[in-house]
Structure formats: structure tokens, C-alpha cells
Amino acid sequence: MKSRPKIGHVGELAILTEAKHAVEFAGDGMPAVLSTPNLIGFLERTAREAIAPCLDADERSVGMEIELRHLAPTPIGQTVRCSARIITVEDRKVTFQIEARDQHELIARGLHKRAIIRTGSFTRRVQEKSA
């Protein structure tokens with residue numbers, strides 16, 4: 001690592017929701033709202049980008065755990081503002097407190113843990129499993 005991620009550092013990301021982010025079962029009386037899997041993706045991206053400046057060129061962070069409460073629906077077309085605040089750093093594992101809000105309210109809250117990996121060894125491990 002270039003530098004150790006700092007506890008308290010907050011990463012933020014604003015994403016305009018689109019039709020591709022909607023629940024698969026929208027229609028037949030069900031409104032098009034942001035799906036939980038896409039929301040998780042937004043929050044993971046926020047955390048990943050928050051610590052990216054701390055990493056060496058041959059390092060990346062990968063998600064390893066998420067605990068999330070999806071509290072409220074967000075209509076497609078609204079902007080979701082995500083935040084990921086570093087709360088612990090243990091060796092090569094970073095834990096974030098994550099939140100997402102739409103234009104009206106808090107829509108999600110939870111914890112997310114990422115592992116910092118070396119791309120070379122990670123690629124070798126994937127190739128061994130693929131063989």
C-alpha cells in the first residue's frame with residue numbers, strides 16, 4: 001500500500017438511477033424502483049473508490065462482506081447519494097460504515113468490508129480454479 005487508509009475518511013458518490021437499475025419484476029402494478037443488488041453495487045463502488053488512492057499499482061480492493069438494511073424504495077430517475085466511512089483498518093482489511101440517501105430520505109445503512117489484494121496472486125488463484 002502507498003499509504004494506510006485513514007479511519008474517518010469518507011468516500012462519496014452520487015448516481016442517477018436508470019431503468020437498468022430497476023427491480024426485475026417492475027410492471028404489472030409494481031413501480032420501477034432501485035433494486036437491492038444495484039444499490040449494493042453502488043455502495044461497493046463508493047468504498048472501492050474511497051481507498052483506491054491508498055493502493056499500489058498492483059493492488060485492488062475486493063468486497064468480502066456486506067451487511068445492509070435496504071430501508072426505503074427509490075424511484076428510477078432519482079439520484080442516490082452514497083457514502084462509505086472507514087471505521088476500522090486491520091492489516092489488509094478495511095471496514096466501512098455505508099449509507100445511501102435518495103432525494104427524500106435515508107434508503108440504506110450497513111457495514112461493508114473490503115480486502116486489499118495483489119492482482120498477480122489473485123489472478124493466479126482464479127486461473128488455478130479455472131483449469
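This is a predicted model: local features need pLDDT of at least 70, side-chain atom pairs count only at pLDDT 80 or more; totals for chains, interfaces and linings use all residues.
Residues are numbered from 1 along each chain as its sequence is written, and side-chain values use heavy atoms, with hydrogens and water left out.

The protein chain holds two helices and five strands, which are DSSP runs numbered from the N terminus (helices H or I, at least four residues; strands E, at least two), and their order along the sequence is β-α-β-β-β-β-α. The C-alpha trace spans about 50 × 40 × 20 Å along its principal axes. Of the contacts (heavy atoms within 4.5 Å) between residues at least 6 apart in sequence, 71% join residues at least 24 apart.

Of the 131 residues in the protein chain, 36% are buried, that is, under 20% relative accessible area with a 1.4 Å probe, protein chains only. The chain exposes about 7900 Å², of which carbon and sulfur atoms supply 50%, the areas coming from the Shrake-Rupley method with a 1.4 Å probe. The 20 positive charges (Lys and Arg) and 17 negative charges (Asp and Glu), with His and the chain ends not counted, have mean positions 6 Å apart, each charge being placed at NZ of Lys, CZ of Arg, CG of Asp or CD of Glu.

With a disulfide taken as a pair of cysteine sulfur atoms within 2.5 Å, the count is zero. Cys 54 is in no disulfide, the nearest cysteine sulfur, that of Cys 82, being 19 Å away. Cys 54 is buried, with a relative accessible area of 12%, and Cys 82 is buried as well, with a relative accessible area of 2%.

Technical notes. Buried means under 20% relative accessible area, exposed over 50%, partly exposed in between (1.4 Å probe, protein chains only).
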